[in-house]
Amino acid sequence: MKKLLSLASALLLSVVMSGAIWAADADKVSGTISKVEDGGRSIVVKTKDGKEVSMNISGSRTKLEGIGDRSEFKAGQKVSAEVDGGSATKVKVTK
């Protein structure tokens, strides 16, 4: 019984740790849009520390807040985004 309990605990810990690693894959980026390309399919965000982060915007897989669609992105807009592997999963435009 103790071995079974130990095995279950180890398995649970493994699942929790893998979930934490998976959740850490997405980066959070905040800054100002410095460049909009291809009708809003790609944007470059300049962060406060001067780093430029390029991200792809999907019409179906990127959740947009503060604008109707990706064609409304404009240089100078303040944004916060969640980026996973170079693709934005969520972009919020603030005023």
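Predicted model: local features only at pLDDT ≥ 70, side-chain atom pairs only at ≥ 80, totals over all residues.
Okay, one term before we start: when I say polar contact, I mean a pair of N or O atoms within 3.5 Å, where, within protein, one must be able to donate a hydrogen and the other to accept it. Mean pLDDT for the protein is 87, with 81% of the residues at 70 or more. Residues 20-24 are another story: pLDDT stays under 50 there, and the model gives that stretch zero contacts beyond four places in sequence.

So, Q77. You'll find Q77 in the loop between β4 (63-65) and β5. Is Q77 buried or exposed? Buried, because its relative accessibility is 18% and the cut-off for buried is under 20%. What does the side chain of Q77 reach? The backbone nitrogen of K74, at 2.7 Å. Then there's the backbone oxygen of E72, which sits 3.4 Å from a polar atom of the Q77 side chain. Looking past its neighbours within four places in sequence, Q77 is also in contact with residues including G31, T32, I67 and V93.

Nonpolar side chains tend to be buried together in soluble globular proteins. Here the largest nonpolar core has 15 residues, and the ones touching the most other members are I43, M55, I57, F73 and V91. Elements giving two or more residues to this core are β1 (27-37), β2 (42-46), β3 (52-56), β5 (78-84) and β6 (87-94). Take I43: among the residues it touches, beyond four places in sequence, are I33, V53, M55, I57 and F73.

On to β3. In a regular strand, side chains alternate between the two faces of the sheet. On β3, V53 and M55 make up the covered face, while E52, S54 and N56 are on the uncovered one. β3 pairs with β2, antiparallel, over five bridges, and K46 has E52 as its bridge partner. The hairpin has five residues between these two strands, and G50 takes a positive phi near 90°.

Last topic, charges. How many salt bridges does the structure hold? Three. K35 pairs with E37, closest N and O atoms 3.5 Å apart. K63 meets E65 at 3.6 Å, N to O, and E65 also bridges to K90 at 3.5 Å. That E65 to K90 pair links distant parts of the chain, strand β4 to strand β6, 25 residues apart. Put together, K63, E65 and K90 form a network of salt bridges. E65 is partly exposed, at 23% relative accessible area, and K90 is partly exposed too, at 28%.

Conventions
Residues numbered from 1 in each chain as written. Heavy atoms only, no water. Core = buried A, V, L, I, M, F, W, Y, C linked by side-chain atoms within 4.5 Å. Buried < 20%, exposed > 50% of the residue type's maximum accessible area, 1.4 Å probe, protein only. Helix = DSSP H or I, 4+ residues; strand = E, 2+ residues; numbered from the N terminus. Contact = heavy atoms within 4.5 Å. Pairing = 2+ DSSP bridges. pLDDT = per-residue confidence, 0-100. Salt bridge = Lys/Arg side-chain N within 4 Å of Asp/Glu carboxyl O.
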